[in-house]
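I shall take you through one structure, beginning with a single residue and moving on to the ligand.

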Amino acid sequence: MRRESSSPDDVILTLTPAESKELDAVAQYLTTLADAVDDRQWVARARTAWEELPARYRGRLREFRRDSGPQGVFVVRGLDVHEDELPSTPSVRGSAQRAPSIPAAVLLMTACGLGDPAAFLAEKSGALVQDVVPVPGQEEFQGNAGSVDLMMHNENAFHPHRPDFVMLLCLRPDHDRVAGLRTASIRQALPLLSEQSRAGLARPDFTTQAPPSFGEADDQGQQHAVLHGDLDDPDIKVDFAATNGETPAARAALAELRDRIDEVAFTLRLESGDLAIVDNHVSLHGRTAFRPRYDGRDRWLQRTFAFADLRRSRDHRPDDGYVLTR
Ligand SMILES: O=C(O)CCC(=O)C(=O)O
Ligand SMILES: [Fe+2]
């Protein structure tokens, strides 16, 4: 992983070979315990298996859960994922990891350490471990199947129960090693914003569109603020591809925010075995452009969401399952 702008080392945890082996052994065992990733029993097993993971891994993630720091992102390097042992990169829309695998085990155990995993039915049928891969014909799409610049966003910014953490595990980087996961936190952008824009962003003068696949979301079209909570350390709710200002002042504040976010953003070129975790309350993420070849060796990340307090979304999850159906 190379960086384009410096960031403190405490954002990265590089596993020792011994830790990596220990983690892999737990993940390996977990893969033998069920036939399907989305089986509730497997999630229950992952929750128990979390306790067996290396102490430093659990400790650092628990700290991150409590306070995600100035950058609101954490990267674990050195997970036991070997590109040469992987099957071909999928290239169809909506693909997901249905059979237990080492990466899926790592993602689900980690989700259980941060809270609980869950997914949205409208996205890849609600699979808990989703493939993030380029899809032929979708190059220009502002979503993870595209390959042009993906604008900075909170994940599911429009939704009343957006995930608390977005986990992206790199299985295989792009051929040219140019695709970068970009992240930027409001904690770093806030001091650069004018007083006027800060005040403007805290007013409910914005709307955020849901992707059509979600149908009519609960607060679709409802006006919201971009910055909320304690305005000295606010949460951010924005998707630069889907959020609009409803007044000229709101639009000006949004434009300023976009520039300041770009100034503080940094780029992570993830390698096989790198896991990035984004705090979806204080940080935005996006991706730089790359050129897919559709030859089975394209960039391949797997993604799982973690919810710190799953109970809050109970009325969106039939049978108290792990899928939000609306
Ligand atoms: O491709 C990436 O690095 C990020 C894609 C993304 O925003 C997502 O999957 O949520
Ligand atoms: Fe995203």
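I begin with Arg 303, which is buried, with a relative accessible area of 7%; buried means under 20% relative accessible area, exposed over 50% and partly exposed in between, with a 1.4 Å probe and protein chains only. Before I continue, please note that this is a predicted model, in which local features need pLDDT of at least 70, side-chain atom pairs count only at pLDDT 80 or more, and totals for chains, interfaces and linings use all residues. Residues are numbered from 1 along each chain as its sequence is written, chains are lettered from A and ligands numbered from 1 in the order in which they are written, and side-chain values use heavy atoms, with hydrogens and water left out.

Arg 303 belongs to strand S15; strands (E, at least two residues) are DSSP runs, numbered from the N terminus. Which side chains does the side chain of Arg 303 contact? One polar contact, at 2.7 Å, is with the side chain of Gln 130, and another, at 2.9 Å, is with that of Glu 155. A polar contact here is a pair of N or O atoms within 3.5 Å; within protein, one must be able to donate a hydrogen and the other to accept it, and residues adjacent in sequence count only if both atoms are side-chain atoms.

Both Arg 303 and Glu 155 are also among the residues surrounding ligand 1, that is, residues with a heavy atom within 4 Å of it. The shell comprises five nonpolar, three polar and four charged residues. In this classification, Ala, Val, Leu, Ile, Met, Phe, Trp, Tyr, Cys and Pro are nonpolar, Asp, Glu, Lys and Arg are charged, and the others, Gly among them, are polar.

Turning to individual distances, a polar side-chain atom of Arg 299 lies 2.8 Å from an oxygen atom of ligand 1. For His 153, an N or O atom of the side chain is 3.1 Å from a ligand oxygen, and the side chain of His 285 likewise places an N or O atom 3.1 Å from an oxygen of ligand 1. Taken alone, ligand 1 exposes 300 Å², and the protein buries 99% of that; accessible areas come from the Shrake-Rupley method with a 1.4 Å probe. Strands S5 (150-153), S14 (283-287) and S15 (300-307) are the elements that give two or more residues to this shell.

Finally, I turn to the loop between S15 and strand S16 (323-324), where Asp 319 is placed. Asp 319 is exposed, at 63% relative accessible area, and its phi is near 60 degrees, a positive value in a residue other than glycine.

Definitions and conventions
Helices (H or I, at least four residues) and strands (E, at least two) are DSSP runs, numbered from the N terminus.
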